[in-house]
Amino acid sequence: MKKWLSHTNSTVLSVAVIGIFILLTLFLNSLSGFQLDLTANKQYTLSDQSLTAIKDVKDDVSIKVLTVENANNTVLNREVTDMVQEYTKRNSKLKMEQYNLTQEPTLASKYGITGSSIVLEQGDQYKVIDIASLFTAVGDGSDGSYQFTGEEKLTQALMNLSSTKTKKMVFLTGHEELGLDQLTTLRSSLEQNNITTEELQLNQAGVVPEDADLLAIIGPQRDLSDAELKAIRTYLSNGGKLMLSLGFVEDMKSSWKNIDTLMADYGVVDEHAVMVDNQQASTMGPLWVVPEYGTHAITDKLSASQLYPMLSLSIALTSKEQEKYTLSPLIQSSDDSYGETNIEGLLQNETANDPDQDIQGPVELGYAADTTEGKPKAVILGSSIFMQDSEIGNGGNRDFILNIVNYLSEKEDGLTIRPRVQAGYEVAYLNGEQARTIFFVAIVGFPLIFVIIGVFLWWRRRRV
């Protein structure tokens, strides 16, 4: 009787454990959208922009992953398919199909592709992404490390699939501004947002093109001529929009007559002072600043994500009362900063806060000007270096400037946090001894431990 009860208890306990295991499996399976991303660089966490783009898909989109399989690209292909699967998990309208390109000549011909590609197709529209363009070698690439830009390009392709509207942004040249050849990363990002770019030599063209949605003046070193100021004012009075970003010029106080006049049209005053921030002195130097955000559609999501730009050699701005536009401060330096008006002394590395002469912190470094109807009209910044290729990848520089452009272009879905460039998958290469150790521990060691425990328990029961 005692032995029968013991066996019954064991049976009931085993059935209970199996039942709990099955229920737990079913429960976890029901949480199809739940996952924890424990990777160091949040490899499987999609950005705010990607999640919004995925959510906005209302009609079926076929995502065809066509790869060429060989021993050299197995890891890269897996990284691409893993990424696409992250998208399809979040919207049932997205369907992934995977093909071996060498076995699908008909598909290759249909989409005009010759190498591994991702094809997004919706109705009669489709976009092709060259998979090779998603990977960039780090350094000389000799150690096999790379960066992966797959999320950024897949999200942009998804957004552009259903949107054919384009905007045109012209960049003023002829005053030693930052040209498009120094803004290639920004230009590429704008084009991915369906914003075309071109340079404008206004003293030759005479007018700002009527089809330009936005005029950008980035870091001018020389003043506008009277004729250029008149042409820009005409463009802006006819509905054009302005993004003016100042750069440091030693004699700006005496030489920026027309640039200052243009800013004054929107109630922004150039104080011709360079921002010095003692709070940043111990880390980046006093001429650098990681500014605080004001409350505005351009900055709200960036502020919530604590994604800040990094500025240097910034010009102090203030505002004056006027009735045509509503001014909103976008960024400002710390309380422990000031706008140095003694430029000659600053160039000699001699600077000290003079409360009677200098602009007292926090120093305003950017404003957005909206019409009285609430429409965006202009953004004026006291810094421009952060846009150039060598700086735009730092901190929130890229998101900040793209949010400004999208705001002025009235692209509300562009006011967001964009995908980050991810480090590539790391491959661990094992030597023979390490491989044998892992094999014996995993295949022999652990199973053997359970066998020994089982035999021991059986032997104890036999003795009882």
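Is glutamate 152 buried or exposed, and at what relative accessibility? Glutamate 152 counts as buried, at 12% relative accessibility. The model is predicted. A search of the whole structure finds 16 salt bridges, and glutamate 152 takes part in one of them, with arginine 398.

**Salt bridge between arginine 398 and glutamate 152**

- The side chains of glutamate 152 and arginine 398 meet in a salt bridge with an N to O distance of 2.7 Å.
- This pair links distant parts of the chain, 246 residues apart: glutamate 152 sits in helix H5 (residues 150–161) and arginine 398 in helix H13 (residues 397–408).
- Arginine 398 has a relative accessible area of 14% and is buried; glutamate 152, at 12%, also counts as buried because the cut-off for that class is under 20%.

**Salt bridge between aspartate 48 and lysine 301**

- Aspartate 48 and lysine 301 form a salt bridge in which the closest N and O atoms are 3.2 Å apart.
- Aspartate 48 counts as partly exposed, at 30% relative accessibility.
- Lysine 301 counts as partly exposed as well, at 37% relative accessibility.

**Salt bridge between glutamate 176 and arginine 222**

- A salt bridge of 3.3 Å, N to O, brings together the side chains of glutamate 176 and arginine 222.
- Glutamate 176 is in the loop between strand S7 (167–173) and helix H6 (184–192), and arginine 222 is in the loop between strand S9 (214–218) and helix H8 (226–237), so the pair ties together parts that are 46 residues apart in sequence.
- Glutamate 176 is exposed, with a relative accessible area of 53%, whereas arginine 222 counts as partly exposed at 40% relative accessibility.

**Largest pocket**

- The volume of the largest pocket is about 480 Å³.
- Its lining consists of 25 residues, and those nearest the centre of the pocket are Met159, Asn160, Ser162, Ser163 and Asp413.
- By residue class, the lining of the largest pocket divides into eleven polar, eight charged and six nonpolar residues.
- H2 and H5 each supply at least two residues of this lining, and the largest share, five residues, comes from H5.

**Cavities**

- The whole structure holds two cavities of 30 Å³ or more.
- The second largest cavity contains about 30 Å³ of space.
- Ten residues line the second largest cavity, and the closest to its centre are Glu152, Gln156, Asn193, Arg398 and Arg418.
- Two of these residues, Glu152 and Arg398, are the partners of the 2.7 Å salt bridge described above.
- H5, H6 and H13 each supply at least two residues of the lining of this cavity.
- The lining of the second largest cavity divides into five polar, three charged and two nonpolar residues.

**Strand S20 and its neighbours**

- Strand S20 (residues 376–381) is largely enclosed by the rest of the structure, because six of its six residues are buried.
- Strand S10 (residues 242–245) runs parallel to S20 and is joined to it by four bridges.
- Strand S19 (residues 364–371) pairs with S20 in the antiparallel sense, over five bridges.
- Leucine 381 in S20 stands opposite serine 245 and is the bridge partner of glycine 366.
- S19 and S20 form a hairpin with four residues between them, and glycine 374 in the turn has a positive phi of about 85°.

**Largest nonpolar core**

- The largest nonpolar core has 41 residues, and Met169, Met243, Met387, Phe400 and Ile404 have the most contacts inside it.
- Two or more residues of this core come from each of S7, H6, S9, strand S11 (268–277), strand S16 (325–332), S19, S20 and H13.
- H13 gives the most to the core, with seven residues.
- In soluble globular proteins, nonpolar side chains tend to be buried together.

Notes
Residues are numbered from 1 along each chain as its sequence is written. This is a predicted model: local features need pLDDT of at least 70, side-chain atom pairs count only at pLDDT 80 or more; totals for chains, interfaces and linings use all residues. Side-chain values use heavy atoms; hydrogens and water are left out. A salt bridge is a side-chain nitrogen of Lys or Arg within 4 Å of a carboxyl oxygen of Asp or Glu. Buried means under 20% relative accessible area, exposed over 50%, partly exposed in between (1.4 Å probe, protein chains only). On a 1 Å grid over the protein atoms alone, a cavity is a set of points where a 1.4 Å probe fits but cannot get out, and a pocket is an open set with protein on both sides within 12 Å along at least five of seven lines; lining residues have an atom within 4 Å of a point. Grid points are joined across faces, edges and corners, and a volume is the space filled by probe spheres set on the points. Ala, Val, Leu, Ile, Met, Phe, Trp, Tyr, Cys and Pro count as nonpolar, Asp, Glu, Lys and Arg as charged, and the others, Gly among them, as polar. Two strands pair if DSSP finds at least two bridges between them. A nonpolar core is a set of buried Ala, Val, Leu, Ile, Met, Phe, Trp, Tyr and Cys residues joined through side-chain atoms within 4.5 Å.
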